[in-house]
Amino acid sequence: MVKSVKIMDIPEEEMILPGTRLCPSCAPQLAYRFILKALGPKTIVAVPASCMTVVHGMQGATPVKVPVLNTTFETVAASASGIVASLKNLGKDKEVTVLAIAGDGGTVDIGIQGLSGAAERHTDMIFCCYDNEAYMNTGIQRSGSTPFGAITTTTPIDGKLEHKKNMAMIMEAHGLSYIATACASYPLDLYAKFVKAKEMKGEGLRYIHVLAPCPPGWGFDNKLAIEIGRLAVKTGFWPMFEIIRGKMELSKESRRLIDPTKRKPLEEYLQPQRRFRKLSPEQKQELENYVADTWNTIAKRVDV
Amino acid sequence: MSKKTEEIPDILTGEYFTTGNLAVAEGSLAAGCKYFGGYPITPSSEVAEHMAERLPQVGGHFVQFEDELASIASVLGASWGGWKSCTATSGPGYSLMVENIGLGVMMETPCVIVNVQRGGPSTGLPTLVGQQDVQQARWGSHGDYEIIALSPNSVQECFDLAIDAFNYAEKYRVPVTILMDETIGHMSERLVIPKRSQVKRLNRKKPSDKPGQQIHLPYEADKDLIPPMAVAGEGYRTITTGLTHDARGYPVINASAQKKIVKRLCNKILLNKNDIIKFEEYLLEDAEYVLISFGISSRAAKGAVNLARNKGIKAGLLRLITIWPFADEAIQEMAKKAKVIFVVEINNGQITREVQRAAAKQKADVYGILKLGGSIHTPAEILKEMEEKI
């Protein structure tokens with residue numbers, strides 16, 4: 001398990017300068033800021049089409065201080081694999097961290113083939129999915145990571161009919177050394193997990209899935225961006241854990257939630273979000289069941 | 001779980017003020033489209049969003065896929081299930097679709113692909129106009145084939161050509177591309193959706209033999225070079241493949257089978273060029289200086305013709321509505337009479353090259369008036385470039 005990090009442990013140097021083109025209160029941006037602080041300046045980033053394309057600048061300037069390869073939608077893990085291979089040629093593979101960072105579409109949908117291949121080959125990179133649970137950059141269309149019941153522009157009537165893919169478990173089936181889930185609302189935990197992934201360099205692909213609330217896409221006030229992410233965790237909707245060399249451990253914020261009575265009512269998470277405005281009582285119950293099932297699976301795997 | 005929607009017709013007869021993207025979606029529904037498989041991409045996403053809302057209302061089916069490969073592959077599958085089907089995308093997505101478009105050509109699968117073009121190459125200008133995919137629509141997939149591509153220049157025409165595209169796809173059993181562009185897709189104009197009785201819907205030919213009674217030959221073409229099409233569930237034992245095949249649909253890997261099928265796939269389009277090729281003429285009777293254009297560029301070109309006429313320059317416009325197959329004969333005739341032909345397009349001369357080929361050895365010189373994406377020509381810019389060559 002990662003060591004607990006205090007705010008004073010976080011490097012002061014900012015790798016993303018002020019003035020990006022992302023939306024106000026963008027949680028993916030907050031996550032990215034702490035990810036780059038954790039990985040440091042000797043990092044090369046690969047990004048597919050996503051909101052992260054926007055953060056890297058649209059009008060002749062970039063606020064990001066590390067080198068970036070902005071690649072096609074379906075290939076970020078493959079592009080990063082090429083960088084990893086060439087770093088070996090330069091003899092710099094030990095000192096440089098390669099980060100592939102993709103949205104949920106670029107990870108669980110169009111990007112999954114390349115990601116699966118890189119994971120299978122144990123390519124030495126960190127793959128981060130920042131999950132804002134839909135195609136936000138193209139106007140809020142559903143993805144394989146959109147939760148059940150959420151209204152998007154391509155699920156406009158009943159909301160999405162399917163649950164989100166359990167990407168951490170899909171990645172675990174690849175036999176990875178390090179898998180973690182995190183949330184942008186807990187930047188210290190997020191920071192610690194990326195430090196851990198960096199330390200495990202040489203152990204193949206390390207996968208971190210970060211839930212990152214999107215104010216316009218989820219439909220909540222900008223000021224609630226942090227609170228919504230916290231509620232996702234506190235209601236048990238988004239369990240935070242690590243799987244280190246096959247062993248699952250719950251993260252600090254999620255540990256006590258193994259007891260269902262310690263979880264906040266799911267309604268507190270759903271209610272402030274306009275994407276859940278059409279939920280029927282049956283759909284709400286389905287989401288409750290989803291949370292219960294998720295935790296039942298986790299309870300069988302962790303030492304309580 | 002699905003809520004009951006009131007009966008909403010597939011042809012929403014009436015007058016509207018709407019965008020090209022919504023018009024092409026409504027045109028597809030009016031043509032009888034019942035299936036859309038797609039993936040979000042700017043600037044075409046509104047087509048998918050509209051279909052997601054509308055298809056369940058008309059008994060159709062919308063699926064958002066995990067990428068464009070899956071989207072177009074599902075469209076081919078739905079077509080073989082008997083549904084008129086389509087997808088919509090933009091340059092990067094179209095690039096991912098081309099392999100399956102080739103499969104659609106080889107399996108002779110009716111379907112429609114909307115490409116709302118943006119500036120390229122690669123990610124290029126996601127939110128700004130381009131016309132740089134016209135040659136890709138022709139040659140994007142590997143191998144020799146003929147294909148149909150149409151280019152609307154107004155919101156109304158997005159609707160009208162969607163119907164034509166489905167009709168061509170069904171009639172000739174070929175994937176048809178609608179080459180829109182970001183400006184046409186996003187601009188709002190008047191749209192008139194006609195009465196149901198005024199919408200002409202063509203359907204693919206059905207086999208004349210009865211299912212199960214004899215060996216069915218799914219690729220035995222009629223005299224018009226087009227084989228009737230059985231669809232899944234009708235009881236015919238049908239094999240279809242991207243491999244070179246014979247009339248039975250069985251793979252035959254040799255040169256003579258290859259020659260036979262490729263010739264037929266090309267000729268079923270080429271021999272019907274008169275039915276497929278559409279263009280619009282404006283002030284061409286006495287024109288010495290001819291502008292050739294298509295899509296959004298043709299509207300600026302028309303403005304330039306008017307400016308030129310005001311100055312006493314005998315200008316005219318040939319607007320290509322069908323881009324592929326190419327209007328070789330019409331352009332050749334034009335090149336015999338005109339002094340200079342100017343091709344106005346938002347790319348580096350992709351149609352200019354075709355016009356130069358069609359007009360070779362004729363009287364007229366051919367020049368391109370080109371932009372490389374991100375903005376459209378103004379009539380004054382076009383006139384200025386014309387005057388430099390006059």
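**Close-up views of a predicted two-chain model**

**View 1. Polar contacts between chain B and chain A in the predicted model.** Between chain B and chain A, 6 residue pairs are in polar contact, with both residues of each pair at pLDDT 80 or more. The count of salt bridges between these chains is 0. About 1600 Å² is buried between chain B and chain A, and 59% of this area lies on carbon and sulfur atoms.

**View 2. The side of chain B that touches chain A.** Helix 2 (45-54) and strand 3 (61-64) of chain B each supply at least two residues to this side. Helix 2 of chain B gives the most, with 5 residues. By residue class, the side of chain B that touches chain A comprises 9 nonpolar, 4 polar and 6 charged residues. The contact as a whole takes 19 residues from chain B and 19 residues from chain A.

**View 3. The open sheet of chain A.** In chain A, 8 strands are arranged in the order 2-1-3-4-6-5-7-8, with mixed pairing. Strand 2 (68-70) and strand 8 (247-250) of chain A are at the edges; each has a single partner strand, so one side of each lacks a neighbour in the sheet. From one strand to the next, the twist averages 15°.

**View 4. Strand 4 and strand 6 of chain A, with helices against the sheet.** Strand 4 (residues 126-131) and strand 6 (residues 206-211) of chain A are paired in the parallel sense over 6 bridges. L211(A), in strand 6, is the bridge partner of D131(A). Helix 1 (residues 27-39) of chain A lies across strands including strand 4 and strand 6, and runs at about 170° to strand 3 of chain A. Helix 7 (residues 187-199) of chain A packs on the sheet, its direction making about 160° with that of strand 5 (178-183) of chain A.

Technical notes:
Residues are numbered from 1 along each chain as its sequence is written. Chains are lettered from A and ligands numbered from 1 in the order in which they are written. This is a predicted model: local features need pLDDT of at least 70, side-chain atom pairs count only at pLDDT 80 or more; totals for chains, interfaces and linings use all residues. Side-chain values use heavy atoms; hydrogens and water are left out. Contact means heavy atoms within 4.5 Å. Buried area is the accessible area (1.4 Å probe) that two parts lose on being put together, summed over both. A salt bridge is a side-chain nitrogen of Lys or Arg within 4 Å of a carboxyl oxygen of Asp or Glu. A polar contact is a pair of N or O atoms within 3.5 Å; within protein, one must be able to donate a hydrogen and the other to accept it, and residues adjacent in sequence count only if both atoms are side-chain atoms. Helices (H or I, at least four residues) and strands (E, at least two) are DSSP runs, numbered from the N terminus. Ala, Val, Leu, Ile, Met, Phe, Trp, Tyr, Cys and Pro count as nonpolar, Asp, Glu, Lys and Arg as charged, and the others, Gly among them, as polar. Two strands pair if DSSP finds at least two bridges between them. Axes are lines fitted to C-alpha atoms, for helices over the stretch in contact, and angles run from 0 to 180 degrees between N-to-C directions.
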